[in-house]
Amino acid sequence: MTYLTHPSDIRSLIAQLATYPILWLDTEVADWQTPNPRLSLIQVLAEPTDRTGDLAYILDVLDQPDLTQFFVEQIMINEAIEKVFHNAPYDLKYLGGDQAQNVTCTLKIARRISKKKLGTSNRKLKTLAQELCQFTEVDAAEQQSDWGKRPLSPKQLLYARMDTVYLAHVHHYLLKLKQPQQPEPEPMPPLSSKKSFSVTQVRVAFECARLFYLAHHFGGMAMFFPNGKTLGIGHAFHDLSHQFIKTALKDPRFSQLFQPTVEQLNPKTIATQLQTLFYDAVFFPHLQQSTQDDPSKAPALLQLWEGLKSLIQHWAVLLVQNRCYCSPDELLEKTFLAQELNVQHQFTLPNGSSQLVRGRFDSLIYDFAHHRLCVVEYKTYQSPDRSAQLAQVALYGYMLREKIGVPINSAVYAVLPDWQESIFTWDDLERTVHQLIPHKLQQMQAWVNWQQGQPNPPPQTSQLHLCEICPQRAKCQTFFTASNPSTQPPIAPPIAPVEPVASEPVASEPVASEPVASEPAAEKPIAEKPTPPLSKPISKPIAPVDQKPDVNAIGANLIEILTSFGIAATYQGSVLAPAFIRVKVKPNPGVKVNAILKLSDDLRVQLGLAYPPLIAPQAGYVSVDLPRPDRQTAFFDQYLQPQHTSPVEPVRIAIGINLEGQLVEADLSDPNTCHFLVGGTTGSGKSEFLRSLLLSLLVRHSPEHLQIVLVDPKRVTFPEFEQIPWLHTPIVKESEAAIELMDRLILEMDSRYQQFEQAGCADLASYNRGSTKPIPRIVCIFDEYADFMAEKETRNALESSIKRLGAMARAAGIHLIIATQRPEARVVTPLIRSNLPGRVALRTASEADSAIILGGKQTEAAYLLGKGDLLYQAGASRSRLQSLYAPEIRLP
């Protein structure tokens, strides 16, 4: 069962349901016994073989008439969809009335069958389900429950989801009973002449049905390129990445790097050596040849090298990990198992038909630490749609799993402009495939058979920001608008179409080709062999004053949009933050603040935003935060410089830059900020936040006054800090060592309290003021806490330690900063949250994750902009900040 409450999720599902030929529907109504009944739920089933309700959808539309109207417009008045109800006249009171088309009423069908032939005690749905379809434990009591209260109880949700299941099976039985002489029709095969879809096509269909349709029928590019992406390096990157693995497997110098013992291997040093070997053997000859043929390629090739360096750095970390399990001679061949492997699978679809899907992924590796194969896809850009990316790698992993019979993880390595790694476990992949892929393939079959002039064309993407970077935008606007005059054109004005030099063949799965962008001609070809650039050049672009956004024009535009929705408000000014623009609006007398708060999704559509804007009531105005088009970077050394502090001064950590451009810091001696919980998904900037936080401590406190404890299970967050003198212990990377570390911190805490008791002091600050040998504070930064929560014993041990340290360690000068990419309820338990008062939420993967980090119903972190955009909560106050960024680590 999928229970949807958020308006955007409900609208998205309704758009998907509009592609099905038949739906089984029911409603639940609040206050039905009063003169003013309210529609509470719409239940939908599209898979008639379901007997458990797992595939049912429940749409919570209580007091949301706009969502009900959208359902009526998309589903109820659509003649192409058969809508099946049991007591249709009752349900149609709330779902379109006489406007509804193609409605079937199973109660009417049952009444047309004689009572003797029917053989049931009555014609109620629950009775028919029990006596005709052999359902047991059918609950009828919840029908009289209060459908107007929230939250709904588990019993109510179970009752609601099963109604459509009963309906589908009763409908099927009644049709057979009414016309037993007619054989059941065979499922129609797909009409498309194309026998298979590629994995790339499935990804495109998730992003935009119309782009999928155009590319399928007319060819052309089918890839959304983010703004600022350097075009023309995709093929070259894939070729060179495969050459790296082939060269490493053949050249003995690569395996010789791993001859030392595991303890002697440093991933950073290994990465530098691997980069140098590959640069000399492969990349420099390629660079020479390419620039001799066309000097203008030099800038793109140097950017390509940056991407290759990021990939090689990752391989170095993985190889050092795997070295613990195999010898140097077999390390490379046991890690890099296959390149460009073809897979295929025949999927069974909800309507009974089947669909063949083919694909070819980039690499197959083995991770010894997790005892798991992993399918890897390379990307030379950051995907604008992570859900489509998940669908793509889920398909690869699932099809290979069906081929070889073992669970397989999948990963996406986006190497430019910055390294970004997304890893999906087999549990995630299997769930994604079973829940999403079959329905999507069935939709794709319907879309490819649509023709101009027919109703229900492939729907416009629900992510309107993709229209701005669509390679076939002009054709889409003319083709679908001409076909369907009622179709609304995209809100943004049309732009000139992208003219690719080479198109991406969607149907074939080898690496999609990218258009080559022309660059200014280089002054002369690269003739002499340069030193391989092993570190990215540091630049600090600051927009000139005259290029700053016109905030007043943006504010005036927002007021116009609010006016179009019937909301009268006045513009109170704007504030320019590094990542966003805060527009201040004041509702006119008589206008409720809640009227503006409800417009989040509407403003997202009207303004063409990737995420809904954050809207919040403030003292004297309502703030609307819009993304800044010329987003700025808050560089670390612009706000903090090395300095010396005494052991009695407060220890502060840098959190981020506020609206006034000032650095906000947290005092670790404050009870509200003595320990922290930090959460943020991939791309949120969590790792950079932790690094800048750590650096803010190191540049102001000597190793004698401050000691650092680092836990880094993924081994990639703190590589530059391996040898710093501030370390209380070596960086911890394993679960057993983490448990031992927390136990040692508890012993240290107890020892300090004994010293305080002997000295007659209450806390570390008072002790250090009167001591000739001050005790250093200890700050423990625990990254990727979720990685240690899989095993019950480890979870219980760590929770117990965190509870004790969180409750008692502040006065002893020991502080915890617990961070995770997956702030799920099973990972960040109430016990953990209650002992970590300070909260930092970077962008989260869901509203539920945001609520876990910030508490209550605070879902705003799901709509942050990523890359260091964060919410900082201390006590009752919460503010939006931009974290600092340290492009290189320079220690005093």
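Visitor: What makes Tyr-213, Trp-450, Phe-479 and Phe-480 a cluster?
Guide: Ring pairs link these four residues. Rings of Phe, Tyr and Trp (its six-membered ring) pair if their centres lie within 6.5 Å; planes under 30 degrees apart count as stacked, over 60 as edge-to-face and the rest as tilted. This is a predicted model, where local features need pLDDT of at least 70 and side-chain atom pairs count only at pLDDT 80 or more, while totals for chains, interfaces and linings use all residues. Residues are numbered from 1 along each chain as its sequence is written, and side-chain values use heavy atoms, with hydrogens and water left out.

Visitor: How many aromatic pairs does this rule give?
Guide: The count comes to 31 aromatic pairs. Phe-135 and Tyr-166 form an aromatic pair.

Visitor: Why is the pair of Phe-135 and Tyr-166 called edge-to-face?
Guide: The centres are 5.0 Å apart, and the planes stand at 70°. That angle is over 60, so the name edge-to-face applies.

Visitor: What does the pair of Phe-135 and Tyr-166 tie together?
Guide: Phe-135 sits in the loop between α6 (125-133) and α7 (154-178), and Tyr-166 in helix α7, so the pair joins parts 31 residues apart in sequence. Helices (H or I, at least four residues) are DSSP runs, numbered from the N terminus.

Visitor: How do you know whether Phe-135 is buried or exposed?
Guide: Buried means under 20% relative accessible area, exposed over 50%, partly exposed in between (1.4 Å probe, protein chains only). Phe-135 has 7% relative accessibility, so Phe-135 counts as buried. Tyr-166, at 5%, is buried too.

Visitor: Why is the pair of Phe-283 and Trp-305 called tilted?
Guide: The ring centres are 4.9 Å apart and the planes meet at 35°, so the pair is tilted. Phe-283 lies in helix α12 (residues 267-293) and Trp-305 in helix α13 (residues 298-322), so parts 22 residues apart in sequence are tied together. Both Phe-283 and Trp-305 are buried.

Visitor: What makes Ile-561 buried?
Guide: Its relative accessible area is 10%, so Ile-561 is buried. Ile-561 is found in helix α18 (residues 551-564). The C-alpha atoms of Ile-561 and Gln-606 are separated by 7.7 Å, though 45 residues apart along the chain.

How values were computed: Helices (H or I, at least four residues) and strands (E, at least two) are DSSP runs, numbered from the N terminus.
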